[in-house]
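Take the model below one region at a time. Keep the sequence beside it as you read.

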Amino acid sequence: MSEALTTRLHGQPWALTFPAGDPEALADALHTVIRQPPPLPGPEAPGLLGMRSAAAQADFLTRTFAPLRSKES
């Protein structure tokens, strides 16, 4: 995970980060998730991560592939 992404995720209740290459930290993180699963990310999560929202992604796919479907007819 990049340092920039780790910085954006820091403090998010639904994100659990740990140092890469540290098997003990990974085991601790997995144990934590099993004992107390984190909450689901909210609607702000895609923007925080530089992603499109589900609605924006669906709109993009609809606009992109609708012309292809009409060409098949």
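What follows moves from confidence to surface, then to charges and distances.

This is a predicted model, in which local features need pLDDT of at least 70 and side-chain atom pairs count only at pLDDT 80 or more, while totals for chains, interfaces and linings use all residues. Residues are numbered from 1 along each chain as its sequence is written, and side-chain values use heavy atoms, with hydrogens and water left out.

Start with confidence. pLDDT is the predictor's confidence in each residue, on a scale from 0 to 100. Its mean over the protein is 88. A value of 70 or more is reached by 95% of the residues. Helix 2 (residues 23–35) has the highest confidence, at 95. Helix 4 (residues 54–72) has the lowest, at a mean of 84. Helices (H or I, at least four residues) are DSSP runs, numbered from the N terminus.

Now the surface. Phe18, Leu26 and Leu30 make a nonpolar patch of about 260 Å². Patches take residues with over 30% relative accessible area and no salt bridge; like charges are joined within 9 Å, and nonpolar side chains (Val, Leu, Ile, Met, Phe, Trp, Tyr) within 5 Å. Areas come from the Shrake-Rupley method with a 1.4 Å probe, and for residues only the protein chains shown count as cover. Leu30 belongs to helix 2. Leu30 is partly exposed because its relative accessibility is 48%. Buried means under 20% relative accessible area, exposed over 50%, and partly exposed in between (1.4 Å probe, protein chains only).

Turn to the charges. How many salt bridges does a search of the whole structure find? It finds one. The term requires a side-chain nitrogen of Lys or Arg within 4 Å of a carboxyl oxygen of Asp or Glu. Here Arg63 pairs with Asp59, and their closest N and O atoms are 2.9 Å apart. The two are four residues apart in helix 4, so about one helical turn separates them. Arg63 is exposed, at 53% relative accessible area. Asp59 is partly exposed, at 39%.

Another charge meets a ring. The charged end of Arg52 sits over the ring of Phe60, 4.2 Å from its centre. The criterion is NZ of Lys or CZ of Arg within 6 Å of the ring centre and within 35 degrees of the ring normal.

Finish with two distances. Ser2 lies in the segment before helix 1 (3–9). Ser2 is partly exposed, at 41% relative accessibility. Ser2 and Ala20 are 18 residues apart in sequence, and their C-alpha atoms are 9.9 Å apart. Thr7 is in helix 1 and is exposed at 56%. Thr7 and Met51 are 44 residues apart along the chain, with 16 Å between their C-alpha atoms.
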